[in-house]
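Dear colleague,

I am passing on the structure below, together with notes on what was found in it. Please read the notes with the coordinates open beside them.

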Amino acid sequence: MASPTVVFGVNTEGRTVAEGSIADADQAEALLAAGRRAGSDLVWAHSAADLSALGFTRQWGYRRLEGRVRAAGEEVNGRPRQDFDHEVVPLAAEEESADLWAEAFRGQWGHKTPQQWPPDLPPGTASIGLRKAGMTIGVCRIEPASGLIDAPGLVPAHREAAAYQALLEAALAAARTPSVTVESWGDSPARVTVCEGLGLTTAKYVPGWQFTLHT
């Protein structure tokens, strides 16, 4: 079995990570060895294999959801529900930062601090934000021309289901395609339920695994 490709980075809490897609226990051992050589704090494995015997703990992993775009609802500048006091707005480039995106996914498995800013994104990629009392508390990216959406992120103090739904609804409304694809890492079952309520279904799921090398 070939050795796994290992990617190194820093998670949203500032801990160094060695990450790879793993087919079996042998590749998991190779990933662990690479993490140890690099002095990484954590090892993240994307794998359908059960790695618990090696000391990995299971995490909510990578999920790809797909669905048809529903009839247009609220606009990006509108409020998703009358009883919801948050506002979804387009984010200008000067309103975004690496710190904002890291905070929106802080502690969520599979997300790392951006290694460059601004990021190198496909042309036409749009960012939207969720605001409450003048503060941006959530973010989401979408490629309207392809219908590809990166699942929303919310700062830790505002991770209620209604906030996640508001961002995702706005992203779906911004798509210019008959169907959409939503990619997520580390989203909980409660968030998956929100996605399903908006007509999305899971097309692919790969469990996540974490091994702590240094505390």
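Thr 202 counts as partly exposed because its relative accessibility is 33%, where buried means under 20% relative accessible area, exposed over 50%, and partly exposed in between, with a 1.4 Å probe and protein chains only. Thr 202 belongs to strand β10, strands (E, at least two residues) and helices (H or I, at least four residues) being DSSP runs numbered from the N terminus. Although Thr 202 and Leu 65 are 137 residues apart in sequence, their C-alpha atoms are 4.3 Å apart in space.

Before going further, please note that this is a predicted model, in which local features need pLDDT of at least 70 and side-chain atom pairs count only at pLDDT 80 or more, while totals for chains, interfaces and linings use all residues. Residues are numbered from 1 along each chain as its sequence is written, and side-chain values use heavy atoms, with hydrogens and water left out.

The sheet

The model contains an open sheet of ten strands with mixed pairing, in the order β1-β2-β3-β10-β4-β9-β8-β7-β6-β5; two strands pair if DSSP finds at least two bridges between them. At the edges stand β1 and β5 (87-90), each with a single partner strand, so one side of each is left without a neighbour in the sheet. From one strand to the next the twist averages 25°, with axes taken as lines fitted to C-alpha atoms (for helices over the stretch in contact) and angles running from 0 to 180 degrees between N-to-C directions.

Strand β4 (residues 57-68) runs antiparallel to strand β10 (residues 201-212), to which eight bridges join it, and in that pairing Arg 63 has Tyr 205 as its bridge partner. Seven bridges join β4 to strand β9 (residues 179-185), again in an antiparallel arrangement. Within β9, Glu 183 is the bridge partner of Arg 64, Thr 181 that of Glu 66, and Val 180 that of Gly 67.

β9 also runs parallel to β8, with three bridges between them, and Leu 148 stands opposite Thr 181 in β9. Together with helix α3 (residues 161-174), β8 and β9 make a right-handed β-α-β unit, a crossover being right-handed if, with the strands pointing away from the viewer, the path from the first strand over the helix to the second runs clockwise.

Pocket and cavity

Both terms rest on a 1 Å grid over the protein atoms alone: a cavity is a set of points where a 1.4 Å probe fits but cannot get out, a pocket is an open set with protein on both sides within 12 Å along at least five of seven lines, and lining residues have an atom within 4 Å of a point. Grid points are joined across faces, edges and corners, and a volume is the space filled by probe spheres set on the points.

The largest pocket holds about 720 Å³ of space. It is lined by 27 residues, of which His 111, Lys 112, Pro 114, Arg 141 and Asp 150 are the closest to its centre. The elements that give two or more residues to this lining are β1 (7-10), β7 (135-143) and β8 (148-154), and β8 gives the most, with four residues.

Backbone points to check

Most residues other than glycine have a negative phi, and most peptide bonds are trans. Ala 133, which is not a glycine, has a positive phi of about 55°; it is found in the loop between β6 and β7 and is exposed, with a relative accessible area of 76%. The peptide bond from Trp 117 to Pro 118 is cis, with omega near 0°, and Pro 118 is found in the loop between α2 (98-104) and β6 (126-132).

With best wishes
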